[in-house]
Amino acid sequence: MRFATAAAPTAVLAALFLTAAPALAQDAAEPAPAAAPAAAGEPTDAELAQFAAAMKTVQSVAASVQNGTLTEEQQAQMAGAVQNSGLAVERFNAISAAVSADPMLQARAAVAGATPSAPGSVGAGVTDAEAGQFAAAMGEISGIARALNGAQPNAEQQAQMAAAIQNSGLEIERFNAISAATAQDEHLQARIALAQARQGE
């Protein structure tokens with residue numbers, strides 16, 4: 001039984017992780033918001049979405065930093081992005097530190113920050129269970145692909161790949177559809193990376 005693979009199966013899954021930028025320093029003259037949430041505790045999905053939205057601007061500004069020193073204008077842009085997200089700077093910093101240290105939070109933040117799959121697309125129809133099955137199959141297929149070192153799989157290796165897919169609980173056709181969609185769907189990529197992180201716990 002043959003199934004479609006990308007040029008290199010390991011390249012199918014290009015997970016996008018948000019990397020936490022250096023924590024923002026809050027201006028000493030700036031008063032803390034009265035309703036700021038506690039800086040401790042596991043971030044909620046809503047907070048991760050706010051964090052991801054702020055990080056897009058923070059990372060953009062950080063990329064333009066010269067000589068490793070933020071200008072006052074750059075600091076103001078970063079602080080404004082955080083405040084516009086609805087997070088207090090202290091909470092943003094706490095989430096940033098947690099995301100930097102925790103692969104599961106990195107994966108959750110990537111999902112929160114990814115553009116949702118288009119309605120009616122393959123990615124939008126992938127269930128969490130299917131994302132987990134795909135991640136499990138890719139884990140096994142990636143090992144086989146590494147052993148190939150760029151060569152085409154022989155019949156035995158193709159059979160091993162097909163078995164990995166079937167053992168995951170996915171039909172080969174569904175695996176191929178998800179694989180093709182993953183290449184163009186940032187949200188699906190992030191969901192599969194989250195499934196991989198959960199499997200690695």
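**Figure 1. Helix H4 and its neighbours.** The buried residues of H4 pack against H2, H3 and H5. In this predicted model, the buried set of H4 consists of Val89, Arg91, Phe92, Asn93, Ile95, Ser96 and Val99. H4 comprises 13 residues, and its first and last C-alpha atoms are 18 Å apart, close to the 18 Å expected at 1.5 Å a residue.

**Figure 2. Helix H2 and its bend.** H2 covers residues 45-63, a run of 19 residues. From its first C-alpha to its last, H2 reaches 26 Å, close to the expected 27 Å. A bend of about 25 degrees occurs in H2 at methionine 55.

**Figure 3. The crossing of H2 and H4.** Two packed helices are described by the angle between their axes and the distance between the axes. For H2 and H4, the axes come within 11 Å and the crossing angle is roughly 90 degrees. Angles of 65 to 115 degrees count as roughly perpendicular, and H2 and H4 are therefore roughly perpendicular to each other. On the H2 side, the contact is made by Glu47, Leu48, Phe51, Ala54, Met55 and Val58. These residues meet Arg91, Phe92, Ile95, Ser96 and Val99 of H4.

**Figure 4. The crossing of H7 and H9.** The axes of H7 and H9 approach within 11 Å and cross at roughly 90 degrees. H7 and H9 are therefore roughly perpendicular to each other. Glu130, Phe134, Ala137, Met138 and Ile141 form the H7 side of the contact. Their counterparts in H9 are Arg174, Phe175, Ile178, Ser179 and Thr182.

**Figure 5. The nonpolar cores.** The largest nonpolar core contains 21 residues. Within this core, the residues with the most contacts are Phe134, Ile165, Phe175, Ile178 and Ile192. Two or more residues each are given to the core by H7 (128-148), H8 (155-168), H9 (172-182) and H10 (186-199). The greatest contribution comes from H7, with 8 residues. A second, separate core has 15 residues, including Ala54, Val61, Leu87 and Val99.

**Figure 6. Asparagine 149 in the loop between H7 and H8.** Asparagine 149 lies in the loop that connects H7 and H8. Most residues other than glycine have a negative phi. Asparagine 149, although not a glycine, has a positive phi of about 55 degrees. Asparagine 149 is exposed, with a relative accessible area of 72%.

**Figure 7. The chain as a whole.** The chain holds 10 helices and 0 strands. Read from the N terminus, the order of elements is α-α-α-α-α-α-α-α-α-α. Of the 201 residues in the chain, 40% are buried. Among contacts between residues at least 6 apart in sequence, 80% link residues that are at least 24 apart.

Conventions:
Residues numbered from 1 in each chain as written. Predicted model: local features only at pLDDT ≥ 70, side-chain atom pairs only at ≥ 80, totals over all residues. Heavy atoms only, no water. Helix = DSSP H or I, 4+ residues; strand = E, 2+ residues; numbered from the N terminus. Expected span 1.5 Å × (residues − 1). Bend = angle between axes of the 7 residues up to and from the residue. Core = buried A, V, L, I, M, F, W, Y, C linked by side-chain atoms within 4.5 Å. Buried < 20%, exposed > 50% of the residue type's maximum accessible area, 1.4 Å probe, protein only. Axes fitted to C-alpha atoms, helices over the stretch in contact; angles between N-to-C directions. Parallel < 35°, antiparallel > 145°, perpendicular 65-115°, else oblique. Contact = heavy atoms within 4.5 Å.
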